[in-house]
Amino acid sequence: MKNRIILWGSMSLVFAAMAVAGGFFYFHTYSPDRNKYPVRGIDVSHHQGQIDWRRVAADDVAFAIIKATEGGDHVDRAFATNLLEARAAGIAVGPYHFFTFCRPGADQAKNFISAVPHDQPLLPPVVDVEFGGNCPHRPSPEQLNAELQAFLGPVEAAFGKTAIVYLTDEAEAAYAGRIAARPLWLRSLLVEPDRHDWVYWQYHNRGRVDGIEGDVDLNVLQGGPEKLAALLAPVP
């Protein structure tokens, strides 16, 4: 009986290890249906370090959303380089701004507009609304909406395109439907969003792409190459 108990205990450990390994493999290899979402992209900042954008482009990456600014005075130190080199590699590029809760939206708009070039084809500007890494004060939907509008108005006027709002799961639950109505970029890791009014879907936060050392966020576009071309097209 003692030997049988030891055997069953060993088998349980083996099955547990297999389950963990299987979950790890699933997490790192997950990718949405390519027939349904053929256009793949990434979002990056200086945290990704030096990027070999030609290798990235060769690894089935069609677009990149690149961090430009944060708050009222911070400019991502890798923004200009990433923008230039990604475009040179043939990748459609667009800028994003991390929206802080402790600076007026108008100040943040000035920072973004001054840092992002106006004479290049760009995907629509993105404003990133999330709690992680943000100021501890969480504004009410009414407060956030007022400051977002103060940001969006000048930014959309400067670039001539309707902005896209990025929401994490938590921010979506708190604010979706209660703030400025804009196209959405949703974060839903390994699970397809339960709504369909989105432009980008971030499906992974620890993906791997050739040309980038370490983890990177992975995204898909809702639509095919013609949708990406329309988003990139200059304003008439």
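Q: Which residue just after α3 takes a positive phi?
A: In this predicted model, that residue is Gly-90, whose phi is about 90°.

Q: And α3 itself, which of its residues are buried?
A: Helix α3 spans residues 79–88, and the buried ones in it are Phe-79, Asn-82, Leu-83 and Ala-86. Viewed down the axis of α3, these buried residues fall within an arc of 100°, so they line one face of the helix.

Q: Stepping back, how many helices and strands does the protein have?
A: There are 7 helices and 9 strands, and of the 236 residues of the protein, 46% count as buried.

Q: What share of the contacts comes from residues 24 or more positions apart?
A: Among contacts with a separation of 6 or more, residues 24 or more positions apart account for 66%.

Q: And the surface, what does the accessible area come to?
A: It comes to about 11900 Å² for the protein, with 57% of that belonging to carbon and sulfur atoms.

Q: Switching to the strands, how many of the residues of β8 are buried?
A: Strand β8 covers residues 198–207 and is mostly covered, since 8 of its 10 residues are buried.

Q: Which way does β7 run relative to β8, parallel or antiparallel?
A: Strand β7 (residues 184–187) and β8 run parallel and are joined by 4 bridges; in one of the pairings, Trp-185 has Tyr-200 of β8 as its bridge partner.

Q: And how do β8 and β9 pair?
A: Strand β9 (residues 216–221) pairs with β8 in the antiparallel sense, over 5 bridges, and here Trp-201 has Val-220 in β9 as its bridge partner.

Q: Trp-201 makes me think of rings; which residues form an aromatic cluster with it?
A: Trp-201 belongs to one aromatic cluster with Tyr-30, Tyr-37, Trp-198 and Tyr-203.

Q: How many aromatic pairs are there by the ring-centre rule?
A: The count comes to 13 aromatic pairs. One of them is formed by Tyr-37 and Trp-198, a tilted pair with 5.5 Å centre to centre and 45° between the planes. This pair links distant parts of the chain, with Tyr-37 in the loop between α1 (2–29) and β1 and Trp-198 in strand β8, 161 residues apart.

Q: Is Tyr-37 buried or exposed, and what about Trp-198?
A: Tyr-37 counts as buried because its relative accessibility is 3%, and Trp-198 is likewise buried, with a relative accessible area of 4%.

Q: What sort of pair do Phe-99 and Phe-151 form?
A: Theirs is an edge-to-face pair, with 5.9 Å centre to centre and 85° between the planes. It also links distant parts of the chain, as Phe-99 sits in the loop between β4 and α4 while Phe-151 is in helix α5 (residues 141–159), 52 residues apart. Phe-99 counts as buried at 1% relative accessibility, and Phe-151 is buried with a relative accessible area of 2%.

Q: Last one: which residue lies over the face of Phe-131?
A: That is Arg-138, at 3.8 Å from the ring centre of Phe-131.

How values were computed: Residues numbered from 1 in each chain as written. Predicted model: local features only at pLDDT ≥ 70, side-chain atom pairs only at ≥ 80, totals over all residues. Heavy atoms only, no water. Helix = DSSP H or I, 4+ residues; strand = E, 2+ residues; numbered from the N terminus. Buried < 20%, exposed > 50% of the residue type's maximum accessible area, 1.4 Å probe, protein only. Contact = heavy atoms within 4.5 Å. Areas by Shrake-Rupley, 256 points an atom, 1.4 Å probe, with all protein chains shown as cover. Pairing = 2+ DSSP bridges. Arc of directions from axis to C-beta. Phe/Tyr/Trp six-rings, centres within 6.5 Å; stacked < 30°, edge-to-face > 60°. Lys NZ or Arg CZ within 6 Å of the ring centre and 35° of its normal.
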